[in-house]
Amino acid sequence: MMNEEKQKKIEETAAILHVLGHPDRLRILVCLLREECYVKDLADKMGLPQSTVSQHLRVMTDRGILESERRGVKVCYKSANPIAEEIAKMLFADCI
């Protein structure tokens, strides 16, 4: 029988994988592992509308995968979850 701590980690990892199951969210995480970015910079790098990127960032922030920091009128995002980072690094080590 699995102990409670392992069960909790499995559930947390499954929730992260669910969020990262969207290709744009995975791309955002890979970008943010390279460097912190503002929404506009991410949108430009990804070739997506800023509103679309903002929606993905909100989902990822709400799930604890990213952190945001207001800098004047802009908001800067960075990776905040070691499990999500480990997943992305295993999959895309050559891109990070």
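Modeller: Accessible areas here come from the Shrake-Rupley method with a 1.4 Å probe. On that basis, the protein chain exposes about 6,300 Å², and carbon and sulfur atoms supply 51% of this area. Please bear in mind that the model is predicted.

The protein chain has 96 residues, of which 34% count as buried. Its C-alpha atoms fill a box of roughly 50 × 30 × 20 Å along the principal axes. The chain contains 5 helices and 3 strands, and from the N terminus on these run in the order α-α-β-α-α-β-β-α. Among contacts in the protein chain with a separation of 6 or more, 58% are accounted for by residues 24 or more positions apart. As for charge, there are 15 positive and 15 negative side chains, and the centres of the two sets lie 4 Å apart.

Leaving aside residues up to four places away in sequence, leucine 33 touches Ser79, Glu85, Ala88, Lys89 and Ile96.

Two packed helices are described by the angle between their axes and the distance between the axes. Helix 5 comprises residues 82-92, and its axis and that of helix 2 come within 10 Å and cross at roughly 95°. Angles of 65 to 115 degrees count as roughly perpendicular, and helix 2 and helix 5 are therefore roughly perpendicular to each other. On the helix 2 side, Leu26, Leu29, Val30 and Leu33 take part, and they meet Ala84, Glu85, Ala88, Lys89 and Phe92 in helix 5.

Helix 2 also packs with helix 4, residues 50-62; their axes come within 10 Å and cross at roughly 80°. That angle makes helix 2 roughly perpendicular to helix 4. Here the contact is made by Asp24, Arg25, Ile28, Leu29 and Leu32 of helix 2, together with Val53, His56, Leu57, Val59 and Met60 of helix 4.

Definitions and conventions:
Residues are numbered from 1 along each chain as its sequence is written. This is a predicted model: local features need pLDDT of at least 70, side-chain atom pairs count only at pLDDT 80 or more; totals for chains, interfaces and linings use all residues. Side-chain values use heavy atoms; hydrogens and water are left out. Helices (H or I, at least four residues) and strands (E, at least two) are DSSP runs, numbered from the N terminus. Buried means under 20% relative accessible area, exposed over 50%, partly exposed in between (1.4 Å probe, protein chains only). Contact means heavy atoms within 4.5 Å. Lys and Arg count as positive and Asp and Glu as negative; His and the chain ends are not counted. The place of a charge is taken as NZ of Lys, CZ of Arg, CG of Asp or CD of Glu. Axes are lines fitted to C-alpha atoms, for helices over the stretch in contact, and angles run from 0 to 180 degrees between N-to-C directions. Angles under 35 degrees count as roughly parallel, over 145 as roughly antiparallel, 65 to 115 as roughly perpendicular and the rest as oblique.
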